[in-house]
There are 2 protein chains.
Amino acid sequence: MRKQARTIRLALGRVAVADRLYSAAIHLLRGVRKQDVATGLGPAQLSALSVVVFAGPLTLGELAAAEQLKAPTMTRIVAGLEQKGLATRRIDSEDRRVVHLRATAKGARVLHQARRRRIRSLAARLRSLDARQLAALNRAAYLLERLFHRAR
Amino acid sequence: MRKQARTIRLALGRVAVADRLYSAAIHLLRGVRKQDVATGLGPAQLSALSVVVFAGPLTLGELAAAEQLKAPTMTRIVAGLEQKGLATRRIDSEDRRVVHLRATAKGARVLHQARRRRIRSLAARLRSLDARQLAALNRAAYLLERLFHRAR
DNA sequence: AAAAATAATTAGCTATGCTAAGTAATTATA
DNA sequence: TATAATTACTTAGCATAGCTAATTATTTTT
């Protein structure tokens, strides 16, 4: 009985924590994403560019999978990046169906600037925290990344 | 000199934590939002409905402000909710320019179901954590909510 | 050689964000 | 008190971003 009661208590705790985490994540991103307006890119283009910069060169299909989008959606996003001079498309010489994507110097610059802006604005919000609280957030971020990154 | 060095170390820590938090928040939401497809509502409609259910009745302008959207965008989102029978519009009798929004019983039901699904899927991911880790996440969620909720 | 599978694209739908301009109602002012 | 300004919302029209279905081109399998 003791065991069951404890299980129930823990389960309730999980739900409460999940609820709080969801809300916290929403509000965190809502604030930070406003910074991205300065890039002149939409959220999908910016996110795709980030993958191309950090994980590229890669194929359109790989990029679509990484962003969890369908190929037609990615075709259009990449068209936007290319048209803005942020990425280039190259047809594979072995398999001419395949398109390889690579960030241009401008694309890398734009992405790094955006990233700096985002991180800086987020870091500014953390200024009111002491070292212990910062460490708590760091630990939490580590746990969350382990739980959610690349999963499913 | 000691003081300055420490300030720099802390500042670097903030940026690193900010970076991790941003990434964690993105991946957390990306997974959870897939659950919302089951509602048949888009993300904007679902988010607006949530505010109407929990903070309503309220005016269209108030809802737009709460969602950090412009009025024309909210007009259309609300039109969708109304057309699906999830919310109702009522013209203020004192000031006939003002529209009051209220969730229908169906709207409340749909929202609560969606919320349960989200929270449950998130909680399932937390199953692998022990009590101490869960407590760390809870503490982090509390800190983040305090930092980001309602702030700008 | 023909059939099947694969990678990307095109076409066309819905949803969501915006600004500019319009309507109706209310409030402030000359 | 007439009118000017402001306010709340809507309409119209543009861009991005998600999807499915169908098409094209290429490669692989039978």
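In which sense do β1(B) and strand β3 of chain B pair, and over how many bridges? In this predicted model, β1(B) and β3 (residues 99–103) of chain B are paired in the antiparallel sense, with two bridges between them. Within β3(B), B:H100 is the residue that stands opposite B:T59. Both strands belong to an open sheet of three strands in chain B, ordered β1-β3-β2 and antiparallel in its pairing. Its edges are formed by β1 (58–59) and β2 (87–91) of chain B, each of which pairs on one side only. Across β1, β2 and β3 of chain B lies α2(B), which runs at about 90° to β3(B).

The surroundings of DNA strand C comprise 24 residues, of which A:G61, A:P72, A:T75, B:G42 and B:A44 are the closest. Elements giving two or more residues to this surface are α3 (60–66) and α4 (71–83) in chain A, and α2 (43–55) and α4 (71–83) in chain B. The most is given by α4(B), which supplies five residues. By class, the surface near DNA strand C consists of eleven nonpolar, seven polar and six charged residues.

The two protein chains also touch each other, in a contact that takes 46 residues from chain A and 46 residues from chain B. On the side of chain A that touches chain B, two or more residues come from each of α1 (2–33), α5 (105–125) and α6 (131–148) of chain A. The largest share of that side belongs to α1(A), with 20 residues. Its composition by class is 28 nonpolar, eight polar and ten charged residues for the side of chain A that touches chain B.

Notes:
Residues numbered from 1 in each chain as written. Chains lettered and ligands numbered in written order. Predicted model: local features only at pLDDT ≥ 70, side-chain atom pairs only at ≥ 80, totals over all residues. Near = placed C-beta within 6 Å. Helix = DSSP H or I, 4+ residues; strand = E, 2+ residues; numbered from the N terminus. Nonpolar A, V, L, I, M, F, W, Y, C, P; charged D, E, K, R; others polar. Pairing = 2+ DSSP bridges. Contact = placed C-beta atoms within 7 Å. Axes fitted to C-alpha atoms, helices over the stretch in contact; angles between N-to-C directions.
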